[in-house]
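Take a look at the display, and we will go through it piece by piece.

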Amino acid sequence: MSDFTAAGQQLVNTISSRYGISADAAQCMILAVYRGQGSMAQFNCPELGGSGQWMRGGMIMVGDMFNNGLKSRVDSLCNDIAMELSKDPTMTYGGSFQSQSQNDHTQAQQAGGYSNGAGNGMFINDTSRNWWPTELGNPSATGAQNNMRYAYFPQSQRLAVSTGSSVWVYDTLNHQIGGFAQQQGSSGGITLSSQFGTVNLSTLPVVSRDGVPAQPTYSPPPPPHSQFSNSNASSNVPGPGASHTEILETLERIGGLRDKGYLSEEEFNRKKSDLLQRL
């Protein structure tokens, strides 16, 4: 299904002709500027150097970082789109600035929903794509990475992640999230970029799963100098003198990490075998 009304498609054709790019590329850039509320854009468009970012009167980044001609073209293109969008008296920005996935721009466009005003003349309002809990409102960023989808809500400090048929909601605490990336490996978890650096999704508190509030759990304090980490999650491991209770509690905790996809089956079995040898 197209994201554009007839008026929106006319803008696509105008931008495509004016800048000598394909209709797909024009759609990608128009949606990126729209999601950035006319003042910024994050995009992944092969015809314009791949992944890039634009801010009005500010930073411009393109895949070919030393290509100043391409930067100037992207700047002119995005400013032109923002001006055209501002001419539409029915335009209401939904606040959905979408961070793109590592896949091509077409898949990234389709990853999230658009929350447009009822009278918006450019875009089709398709609320069926809004897979996150409705009480969270409009996300500032949405995207998809392989079998995962995410939606970020900075106002309420929430991050929704869809894995398969389940939707998890996390508390982002005091992180100001500026980017998403999927880790390589069997579990393929998500890492976040914040003002504190790279953050593993597994370190954020779970608020709910499929609309059911998460129950608070008690984690005993870790013994000194005894922890392990892997590429996808971290967990405290009891030392050699730990009690049976501590070991069993740790087994249960890493089992939960496996169930959420933060540990692969192989990683879980390796840690389980090590812990069971201490019983």
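## The helix pair

In this predicted model, the crossing of helix H1 with helix H2 is right-handed. H1 covers residues 6-19 and H2 covers residues 23-35. Their axes lie 8 Å apart, and the packing angle is about 115°. H1 is therefore roughly perpendicular to H2, as angles from 65 to 115 degrees are counted that way.

Which residues of H1 and H2 meet? On the H1 side they are Gln9, Leu11, Val12, Ile15 and Ser16. On the H2 side they are Ala23, Ala26, Gln27 and Ile30. By type, the residues of this contact between H1 and H2 divide into six nonpolar and three polar, with no charged residue.

## Strand S11 and its partners

Now to the strands. Strand S11 (residues 206-209) runs antiparallel to strand S7 (residues 166-171), and three bridges join S7 to S11. If you want a place to start looking, find Tyr170, which stands opposite Val206 of S11.

S11 is also joined to strand S12 (residues 212-213), through two bridges, and this pairing is antiparallel too. Here Ser208 has Pro213 in S12 as its bridge partner.

## The hairpin turn

How many residues lie between the strands in the hairpin of S11 and S12? There are two residues between S11 and S12.

Key:
Residues numbered from 1 in each chain as written. Predicted model: local features only at pLDDT ≥ 70, side-chain atom pairs only at ≥ 80, totals over all residues. Heavy atoms only, no water. Pairing = 2+ DSSP bridges. Helix = DSSP H or I, 4+ residues; strand = E, 2+ residues; numbered from the N terminus. Axes fitted to C-alpha atoms, helices over the stretch in contact; angles between N-to-C directions. Parallel < 35°, antiparallel > 145°, perpendicular 65-115°, else oblique. Left-handed = near helix turned anticlockwise from the far one by under 90°. Contact = heavy atoms within 4.5 Å. Nonpolar A, V, L, I, M, F, W, Y, C, P; charged D, E, K, R; others polar.
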